[in-house]
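Q: Please take a close look at one part of this model, the packing of its helices against each other. How do the paired helices lie, and which residues make the contacts?

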Amino acid sequence: MLDSVLPDKHLTEEQQDIFDEILDFCHENLETNTKGLYQFNGDAGTGKSVILTQLFLQLEKSAKGNGTDNYFLVNHPELLKVYQENAGGYKDLRKNRFLRPTTFINRMNKEHKSPDVVVIDEAHLLLSEADRYNNFEQNNQLEEIIKLSKVVIIVYDERQVLKLKSFWSQKVIDNLVKRFQLNYRLATLHVQMRMQAPRSVLKWIDTLTNNLQLTPLTHENTRFLGGAYQGYDFRVYPDAEKMYQQLRLDNETYQKSRIVATADYPSTLDGKKHFVNEGDFHLPWDQYNYSNVTWAQKESTIDEIGSIYTVQGFDLNYVAVIIGPSVVYAGDGKVKIAIDKYEDQEAFKKRHQADLKDVTNAKKAIILNSMNVLLKRGVKGVYVYFHDSRIYDYLKENTK
């Protein structure tokens, strides 16, 4: 399902350049016994994970000869399942080297170990304050990992921060670099690898999630409620049920197609499940996944609504996105964020660190980030439904 984590996937020229630079960075710092942090950024879908998986495979192959002690961390249970499953298919990879950050920190401290290279996918999901519920007693997971390790490699995307307790900024990372006097390098991926979409579609999403601005649709970037343009299917629907029925057809043809929603719907129980209701549309939220198979891989989840917690980092062929009540039409082609309509209370649990001075804007950023994550899942197409029908009306009226 998450094809980008397969270690034998071909690298683009841009990806290969970063891969080579990171590998040299690891060797250089280990040889000189210098603490180092390599950070590379990239928007959702730019292929960050494929670099990490190939890098870690190479590190583990080399470890048989040089004896280095390496770990791969990700603070996302669904992604961790994929990494551990894939590790079983490569003789040089060991499942016990793929861990959640808290497990790694607590284990290394208990065993008094200092690993050589630690690779962290989705570093924007690391905790940036104590979380006793998740058995993390210190103040910042990246700081603790840096203390324990010789070289740390992180993938970071500020636009994918989704909780106050893991609210990151480049300033926080810069302060850690200065404090620990790290040998530090930064690179950025620019080319979109997941979405086979024309630039106009990507720009439409970015303008909405960055600037709260609705770009008038034209027949050049979508046949409104129509079909594909340049091989990519981008549609805005006035009816969530019709959107879902089209997605089911896509899933029968192409597989790996799922409907998702922003966390704007109250937890009203109906038959021991929480449902999202939009007109004739009535479907339950994703259920807690106890199996080793990821939510996005299970065939039965075509009958559930995914969230950022089950689809972040995953490729889908088609994705249908319900944008809920927290996104409100503000007039003149603009939208605004209604924080009080966002139902993910876990995301807004009070953060205590002093560096987060503007909590209101941080909450707005979390909602916009969640939209950005959901809208960039689809390889072949993305469908969008807005709870506030005035948004659809504006787009329809301004279609050229």
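This is a predicted model: local features need pLDDT of at least 70, side-chain atom pairs count only at pLDDT 80 or more; totals for chains, interfaces and linings use all residues.

Another pair is formed by helix 4 (residues 101-111) and helix 5 (residues 141-148), which pack at an angle of about 40° with their axes 10 Å apart. That angle makes helix 4 oblique to helix 5. Helix 4 and helix 5 cross in a left-handed sense. Helix 4 brings Pro101, Thr102, Phe104, Ile105, Met108 and Asn109 to the contact, and helix 5 brings Gln141, Glu144, Ile145 and Leu148. These residues of helix 4 and helix 5 divide into six nonpolar, three polar and one charged.

A further pair consists of helix 1 (residues 13-32) and helix 2 (residues 48-66), whose axes come within 10 Å and cross at roughly 40°. Helix 1 and helix 2 are therefore oblique to each other. The crossing of helix 1 and helix 2 is right-handed. In helix 1, the residues in contact are Gln15, Ile18, Phe19, Ile22, Leu23 and Cys26. They meet Val50, Ile51, Gln54, Leu55, Gln58 and Leu59 in helix 2. The contact of helix 1 with helix 2 has nine nonpolar and three polar residues, and no charged ones.

Helices also take part in the lining of the largest pocket, where helix 3 (77-87) and helix 9 (308-311) each supply at least two residues, as does strand 11 (273-278). The volume of this pocket is about 1,400 Å³. Its lining is made of 40 residues, and those nearest its centre are Lys163, Tyr288, Ser307, Tyr309 and Glu346. By class, the lining of the largest pocket has 14 nonpolar, 14 polar and twelve charged residues.

Definitions and conventions
Residues are numbered from 1 along each chain as its sequence is written. Side-chain values use heavy atoms; hydrogens and water are left out. Axes are lines fitted to C-alpha atoms, for helices over the stretch in contact, and angles run from 0 to 180 degrees between N-to-C directions. Helices (H or I, at least four residues) and strands (E, at least two) are DSSP runs, numbered from the N terminus. Angles under 35 degrees count as roughly parallel, over 145 as roughly antiparallel, 65 to 115 as roughly perpendicular and the rest as oblique. A crossing is left-handed if the near helix is turned anticlockwise from the far one by less than a right angle, and right-handed if clockwise. Contact means heavy atoms within 4.5 Å. Ala, Val, Leu, Ile, Met, Phe, Trp, Tyr, Cys and Pro count as nonpolar, Asp, Glu, Lys and Arg as charged, and the others, Gly among them, as polar. On a 1 Å grid over the protein atoms alone, a cavity is a set of points where a 1.4 Å probe fits but cannot get out, and a pocket is an open set with protein on both sides within 12 Å along at least five of seven lines; lining residues have an atom within 4 Å of a point. Grid points are joined across faces, edges and corners, and a volume is the space filled by probe spheres set on the points.
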